[in-house]
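Here is a short briefing on one protein chain. It covers salt bridges, a sheet with its helices, and a surface patch.

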Amino acid sequence: MPKVTFLGHAAVLLEGTQSTLVIDPFLTGNPSATVGPEALVPDLVVLTHAHGDHWGDTLALAGKGATVVSTYEIAVYAEKHGAQAFAMNIGGRYVFPGGWLKFYPAWHSSSFPDGTYGGMPMGVVIELDGKKIYHAGDTALFSDMRLIGEEGLDVALLPIGDTFTMGPDDALAALELLKPKKVVPIHYNTFPVIEQDGASFAARAAERGVEGIALAPGESLQI
Ligand code: NI
Ligand code: MN
């Protein structure tokens with residue numbers, strides 16, 4: 001039973017029996033984070049895109065032995081900064097002990113804080129110990145989410161903050177396409193411009209037959 005821990009903003013820790021992954025580890029400077037990079041020793045750092053609120057503490061975690069898995073552009077950037085990285089792109093699958101991950105498109109943009117191009121923004125489906133988790137990255141609603149739903153998702157981690165990504169109404173519409181068993185809202189309440197009511201979103205998801213779980217930063221879900 002893999003454990004999913006919301007670390008605040010879009011940062012998520014996945015712990016399986018054989019592998020530990022962290023997605024978009026923005027912890028330092030994240031006002032909602034309850035732990036810093038010193039608390040984590042992941043095997044993989046999975047990045048959906050290069051924006052500072054996702055790239056975050058990637059190099060600190062790579063310095064402890066984690067491999068960075070992301071776009072070609074992000075992998076090259078990470079390697080230039082001394083990290084071990086594996087370069088991929090949308091559509092590709094990466095196999096690791098206890099599971100695999102596959103990148104899907106996201107409708108967004110992707111550049112590093114210094115302006116370097118980060119390649120395509122992505123979402124990612126991760127199978128860990130037989131459970132499938134979708135982290136949408138930063139994205140608008142798009143109809144090809146229906147194809148992602150065909151993976152058979154146990155949990156979807158969806159942005160609801162609005163302004164930079166889907167807001168709650170579009171994230172609810174996404175549930176019709178993704179058809180996950182559970183949904184966890186992310187990418188909200190970190191900053192005033194993305195304030196949303198996670199509990200209200202979870203209740204509205206339940207009305208649509210999807211178990212909504214608004215995790216506070218630091219809280220976990222066993223799936
Ligand atoms: Ni972004
Ligand atoms: Mn973001």
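A salt bridge here is a side-chain nitrogen of Lys or Arg within 4 Å of a carboxyl oxygen of Asp or Glu. The model is predicted: local features need pLDDT of at least 70, side-chain atom pairs count only at pLDDT 80 or more, and totals for chains, interfaces and linings use all residues. Residues are numbered from 1 along each chain as its sequence is written, chains are lettered from A and ligands numbered from 1 in the order written, and side-chain values use heavy atoms, without hydrogens and water.

**Salt bridges**

- The whole structure holds six salt bridges.
- K181 and D154 pair through their side chains at 3.0 Å, N to O. K181 sits in the loop between α5 and β12, and D154 in the loop between α4 (145–149) and β11, so the pair ties together parts 27 residues apart in sequence. Helices (H or I, at least four residues) and strands (E, at least two) are DSSP runs, numbered from the N terminus.
- K181 is exposed, at 57% relative accessible area, whereas D154 is buried at 10%. Buried means under 20%, exposed over 50%, and partly exposed in between (1.4 Å probe, protein chains only).
- E211 and K182 form another salt bridge, at 3.3 Å, N to O. This pair links strand β13 to strand β12, 29 residues apart. E211 is partly exposed, at 42%.
- K132 bridges to E127, with the closest N and O atoms 3.9 Å apart. K132 counts as buried, at 15% relative accessibility.

**Sheet and helices**

- Seven strands form an open sheet with mixed pairing, in the order β7-β8-β9-β10-β11-β12-β13. Its edges are β7 (93–96) and β13 (211–212); each has a single partner strand, so one side of each lacks a neighbour in the sheet.
- Two strands pair if DSSP finds at least two bridges between them. Strand β11 (155–159) runs parallel to β12, joined by five bridges. P159 stands opposite I186 in β12.
- Helix α5 (168–178) lies across β10 (131–135), β11 and β12, at about 150° to β11. Helix α6 packs on the sheet and touches β12 and β13, at about 155° to β12.
- Contact means heavy atoms within 4.5 Å. Axes are lines fitted to C-alpha atoms, for helices over the stretch in contact; angles run from 0 to 180 degrees between N-to-C directions.

**Surface patch**

- F164, F191 and V193 form a nonpolar surface patch, with about 280 Å² of accessible area together. Areas come from the Shrake-Rupley method with a 1.4 Å probe; for residues, only the protein chains shown count as cover.
- Patch residues have over 30% relative accessible area and no salt bridge; like charges are joined within 9 Å, nonpolar side chains (Val, Leu, Ile, Met, Phe, Trp, Tyr) within 5 Å.
- F191 lies in the loop between β12 (182–186) and α6 (198–207). F191 counts as partly exposed, at 32% relative accessibility.
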